[in-house]
Amino acid sequence: MSARSQFAAATGTIAALPARLIEPLMYGLQRLVGIKRMPWVFLIPNLTAVVLFALLPVFINIFYSVSGSDRLFPWDRPLIGGANYATLFDCGNYLDPSTCSRDLFWRALGNTTVFVPIQVTVMIGVALITALCLNREIRGRGFFRGIFFFPVMLSPVVVALMWQWILQRNGALNGLMGAVGLTPVNWLVFPNTAFFWSVFITVWAHMGFYTIILLAGLQAIPRDVYEAARMDSASPWRSFTKITLPLLKPVLLVVFILAVIRSVQTFDELYVLTGGGPGSATMLMVQYIYEVGFASQPRNFGLAAAASLLLGLALLIFTAIQMRISRGGAND
Amino acid sequence: MTDLGVVKTGSSIGAFITRRRGRKKLDWTDWLTYVYLLLGLVIMFTPVLWVVVSSFKTPANLTEFPPTLLPYAAETVIVEGHDAPLPLFDVTTEEGETVRLAQLRRVGINAQMIDPANPEERLTIPVENAQPVRQIYLAGENYTNLLSSTGGMIWRYVFNSLFITIVATIITLIMNSMAAFALSKYRFRGSNMALVAILATLMIPATVVLVPTYMIVAQLGLVGNLWGVILPTVATPTGVFLLRQYMLTIPDELIEAARMDHASEWRIFWRIILPLSAPALAVVAIFSILSRWNDFLLPLVVLTRRESYTLQLALASFSTEYGIRYDLLLAMTTLTALPLAFAFIFLQRYITSGIASTGIK
Amino acid sequence: MANLTLENIKKSFGVVEVIPGVDLEINDGEFVVFVGPSGCGKSTLLRMIAGLEDVSDGDIRIDSASVVNTPAADRGVAMVFQSYALYPHMTVRENLSFGLENIRMAKPEIARRVSDAAQLLQIEQLLERRPKQLSGGQRQRVAIGRAITRDPKIFLFDEPLSNLDAELRVLMRIEITKLHERLGNTMIYVTHDQIEAMTMADKIVVLRKGVIEQVGAPLDLYNNPRNIFVAGFIGSPRMNFIEGSLVRTDAGHVAFEAEGLQPLPLPDADPSLGARERVTLGVRPEDFVISREAGAGWPVAVGVAEQYGASSYLHCTLKGEIPVLIHEAGQSLAKRGDVLHIAPRGKQYHLFDADGLAIGR
C-alpha cells in the first residue's frame with residue numbers, strides 16, 4: 001500500500017513537468033479532431049511503432065528472402081525468386097550436412113532440433129518440481145523462490161561469462177573435481193560436454209521464470225478442491241494426476257509454448273559462452289542467421305531472411321498445432 | 001501385504017507432490033524438499049558468489065590452480081635498496097627452522113632471497129622449501145584498474161546502457177499506456193483491429209525480423225545511434241496488454257465524472273488513469289528495464305561504433321579482447337550484474353507477480 | 001436555476017430502441033424523481049440529460065437553449081454517480097477542486113467554493129483524506145460536494161443511495177431533501193426505490209420500457225394511479241390485484257364479481273361504467289375493512305401474520321388461491337388459519353380495464 005502510493009506520488013511529480021508542455025498541445029488536438037477521434041490520437045504513437053518495427057518488417061523480410069545481392073535497401077536488391085531457399089536446401093544428402101552447399105545451416109538446424117526438445121523437457125521438468133516444492137508449507141519459501149528466480153534477472157552475457165569462468169580449464173569446477181580425485185576436463189572444448197553445458201546453463205538461467213508461472217498456477221488451484229478429493233478418499237497420487245495436472249494444464253500449455261519459442265531463439269548465452277563452437281557443435285539457428293546476415297562478409301541478408309522466415313514458419317506451425325491439440329483436449 | 005506397502009509409498013510420494021499445508025511433524029518428503037531446495041540453492045547461487053569473490057582476487061591469485069576459496073594476496077615487504085615491494089616467503093631451512101625471507105627473483109627451481117632484517121646477504125633457496133606468505137586481501141584495484149585501463153570508456157558504456165534503459169522505459173510506459181487507454185476506455189470503430197494488430201506482434205519473434213528491423217533503423221539513419229536500439233523496442237505488446245487489462249478494471253464512471261469536471265481527454269489520461277494504473281505501470285516498467293538493460297542481439301547489430309556500446313556489448317567484446325585479463329573481466333561482470341541484483345531485492349514482489357499474471361492470462 | 005425541456009427524446013443502441021420518445025417539462029427549482037424498474041431507461045435518460053450519452057433523436061433544452069450538441073461539461077449540470085466516482089488517488093479537497101482547476105478558476109475562488117461546500121455538507125474535517133479512508137455516507141457527501149462546487153443549474157443524481165445501508169439511506173434522503181430546500185436548484189434524481197421517490201420528490205416520473213407512464217406529485221400518483229403498472233409500482237407493500245368482471249346489481253349499482261366469490265357492491269362507482277368483462281380490482285393493503293363476522297365481505301384465510309409491532313401485515317389467501325396482503329394497524333390478533341372477512345373501505349379501491357388503464361375516476 002505505502003509502496004504503491006509512494007510510487008504513485010513519484011510518478012505524479014515526474015509527470016507534472018512534461019504534462020505542462022503536452023497538455024495544451026493535446027487539448028488543442030482534441031479541439032481540432034473532436035472527442036470521437038481522440039482514441040486514435042492516443043493509439044497512433046504505439047501503432048506507428050508496431051507497424052514500423054513489427055508488421056512491416058515481416059513483409060520486408062519476405063521480400064529479402066526472394067531478392068539477392070549484399071545491398072541493404074530493398075530498392076537496390078534484384079529479385080531472384082526462390083534462389084535463396086534453393087541455396088539453403090541445396091544438399092547432396094540431407095542426412096549429411098557436409099554435402100550441402102550451406103552446411104552450417106543444416107548443422108544449426110540439426111543442433112536446434114536436438115537442443116530444443118532436450119532443453120524444454122529439462123526446463124519444464126525442473127521448473128515443475130521446483131514449483132511443487134515451493135508450493136509446500138516450508139520455511140523460507142520467499143527466500144528460496146528468490147534464489148531460483150534471480151538468474152532470470154542476469155543478462156545473458158553475464159550468465160555466459162560467469163559459467164565460462166567456472167568451466168574454464170583452471171576453473172572452479174575442475175578445481176572441485178581435482179579435490180575429489182577426478183581428472184579435470186576441458187569442458188567447453190569437447191562437443192558433447194559443450195552441448196551439455198549449453199543446455200544446463202540456459203536451463204539454469206531461465207527456469208526461474210517458468211517456476212514462477214507454474215507456482216502461480218499451483219496457487220490458483222483452490223485448496224478446497226484437494227480437501228473435497230480427500231473427503232472422496234482419493235489417494236494423494238490420484239489427486240496429483242487427476243486434480244493438479246488437469247487444473248494446471250492451461251498454465252503448463254502457456255509455459256510449454258513460451259519455453260519452446262524462447263528455446264528456439266536461444267542466442268546470447270551461447271554466442272558468448274562458446275561462440276557456437278567447438279566447431280559448430282553449439283551453433284543454433286539464430287546464431288546462423290546472425291552470422292550469415294551480419295557477421296560474415298559479404299553480408300547475405302537474403303539468406304538470413306530466408307532462414308529466419310523458415311524459423312518463424314516452424315514456430316507458427318508449432319504454436320498452431322499446440323493450440324489445436326489443447327483445444328481438442330478441452331473438448332473431451 | 002505387498003499391496004499395503006505400495007499404497008504407503010504411493011501415498012507418500014503423492015503427499016510430496018500435492019500437499020500444500022503440511023502436518024506439524026516433518027516426514028521424509030519434507031526432508032526431500034529441503035534437500036532439493038538446498039541443492040538448488042548451491043547450484044543457483046554459488047556460481048554468482050564465486051564470480052563476485054573471484055572479482056576481488058589479484059591476477060596472480062586468479063591464475064592459481066586449484067583455485068583458492070577466498071581472495072588471497074602475497075604479503076610483501078619494502079626492503080631498502082629495492083624499489084618494488086618484495087613478496088614474503090616462509091622458508092624451511094636445512095636445519096628445519098622456519099624463517100621469513102623476501103624473494104628477489106626466481107631462477108629455475110631456486111629463488112634468490114634476502115632477509116629483510118639483513119638486506120645485504122643474498123640466499124639461494126630451492127623453491128620447494130619456500131611457502132608464500134599470504135593473507136586475505138580484497139583486490140579492489142580490479143575495479144579501479146577497469147576504469148583506468150578502458151580509459152574512462154566504461155563510463156560511456158554505463159551511460160549508454162542507462163540512457164537506453166531509462167529513455168526506452170519512459171517511452172514504453174507512456175506509449176503503451178496511451179494505447180491501452182484508447183483500447184480500454186473508448187468504444188470506436190477499428191479498436192478491435194488495432195488491438196489484434198498489436199497483440200499479433202507477440203507471435204513475431206524479434207530475431208525473425210532482425211534483418212528488416214536493421215534495415216529500417218539504417219533507413220532512419222540510426223545505425224550506431226542509441227535511438228536505433230530504443231525505437232524498435234518501445235511498442236511492447238505485453239505492455240499494452242497488461243495495462244489494458246488493468247485499465248478495464250478502472251470504473252468508467254470516473255472518466256465520466258472527470259469529463260463533467262471539464263477535464264480534457266489528455267487530462268483524464270494523465271491525471272486520472274495514469275496514477276490509478278501505477279501497479280500495472282510498475283510491472284511494465286520492471287519488464288522494460290530488465291529487457292532493455294540485458295538486451296544483446298539488437299544492440300549487437302545496430303550499435304556498431306565502440307562509443308555507442310552498451311555494457312553488455314562491451315562485456316562481450318572484453319571477453320575476447322581481455323581474454324587473459326580475468327581480473328578486469330570479472331570486475332566488469334560483477335558491475336554489470338549488480339544494478340539488477342539490487343533492483344531485484346527491492347522489487348521481487350512486483351516482478352514475480354507481474355510474471356505470474358502475464359503467464360496465466 | 002433552470003427549466004429543462006425534453007422534446008421527443010429517443011435513444012437506441014444499434015437496433016434496440018431503449019427510449020422510443022419522451023416529452024417532459026421540468027420547472028425551475030423542482031425536485032424530480034425518475035423511478036421505474038431496472039432497465040426502464042431512467043438512467044439512460046439521465047445520462048442523456050448529463051451529456052454522457054448521445055441523443056438519437058429529439059431535443060434537450062436548458063433554459064430554452066438546446067444542449068444536445070453541447071459537451072457534458074458545458075451544460076451547466078452536475079452529476080452524482082451511483083458509485084460516487086470519487087478520484088481514489090486524490091484527497092477530498094483535490095476531488096472537490098479538480099473540476100474548478102480544469103476551467104482555470106482563480107485559486108482563492110476555488111478555495112472559497114470548496115470550503116463553502118465542505119461547510120454545507122459538514123465534511124470540513126475530511127478534506128485532507130482520501131476516499132478510501134471515508135465511510136459510505138461520507139463518500140456520498142463528498143460526491144454531492146463535488147457537484148455543489150461546480151455551482152450547476154441542475155443537479156443530477158444517479159441512484160446515489162443504492163450503495164448505502166438502510167439506516168444511512170434514510171438519513172441521506174432527508175439530507176438531500178434539506179439540501180434541495182437550501183440550494184433551491186433544479187434536481188433530477190433517478191432511483192428504482194419508490195420510497196425514495198415518494199419521500200423526496202416534488203414530481204415523480206414513472207418510467208417503464210423507456211415510456212413515461214405517469215407524471216405527478218407523489219400522493220397524486222399514490223391516490224390516482226393512471227394505470228395498473230403505476231398502481232403496482234408506487235406504494236409499498238404493493239397494491240392487491242384481483243381479476244374479475246363488473247356487473248350491475250338489481251339496485252342499479254355496480255358490483256365487482258370474481259370467480260367463486262360473492263359479488264362485491266361498489267356503491268360509489270361511476271354508474272356509467274356498466275357491466276364489463278375482464279376488469280381488475282386494486283385495493284391497497286391498508287384500505288381493507290376487516291371483520292371477523294361472516295357476511296361482511298370476502299372470506300380470506302390467514303397464512304402468515306407478520307407482526308411489526310406498530311402494525312401488522314397479514315398474508316392471506318382468497319378463494320381461488322389469490323394472495324391478498326392486508327395491513328392492520330397495531331398488533332393483530334389474527335393467527336394462521338383464521339378466517340377474516342374483508343371489503344374495500346369506502347371509495348378506497350381502483351378499477352382497471354383490460355388494457356390496464358384506470359377507469360371510473
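Buried area is the accessible area, computed with a 1.4 Å probe, that two parts lose on being put together, summed over both. The model described here is predicted, so local features need pLDDT of at least 70 and side-chain atom pairs count only at pLDDT 80 or more, whereas totals for chains, interfaces and linings use all residues. Residues are numbered from 1 along each chain as its sequence is written, chains are lettered from A in the order in which they are written, and side-chain values use heavy atoms, with hydrogens and water left out.

Between chain B and chain A, the buried area is about 9,900 Å², and carbon and sulfur atoms give 77% of this. In terms of contact (heavy atoms within 4.5 Å), 111 residues of chain B meet 114 residues of chain A. The two chains share one salt bridge, a term for a side-chain nitrogen of Lys or Arg within 4 Å of a carboxyl oxygen of Asp or Glu. Glu23(A) and Arg267(B) form a salt bridge whose closest N and O atoms are 3.1 Å apart.

An automatic or database assignment divides chain C into domain 1 (4-226) and domain 2 (240-359). Zero salt bridges are counted between the two domains of chain C.
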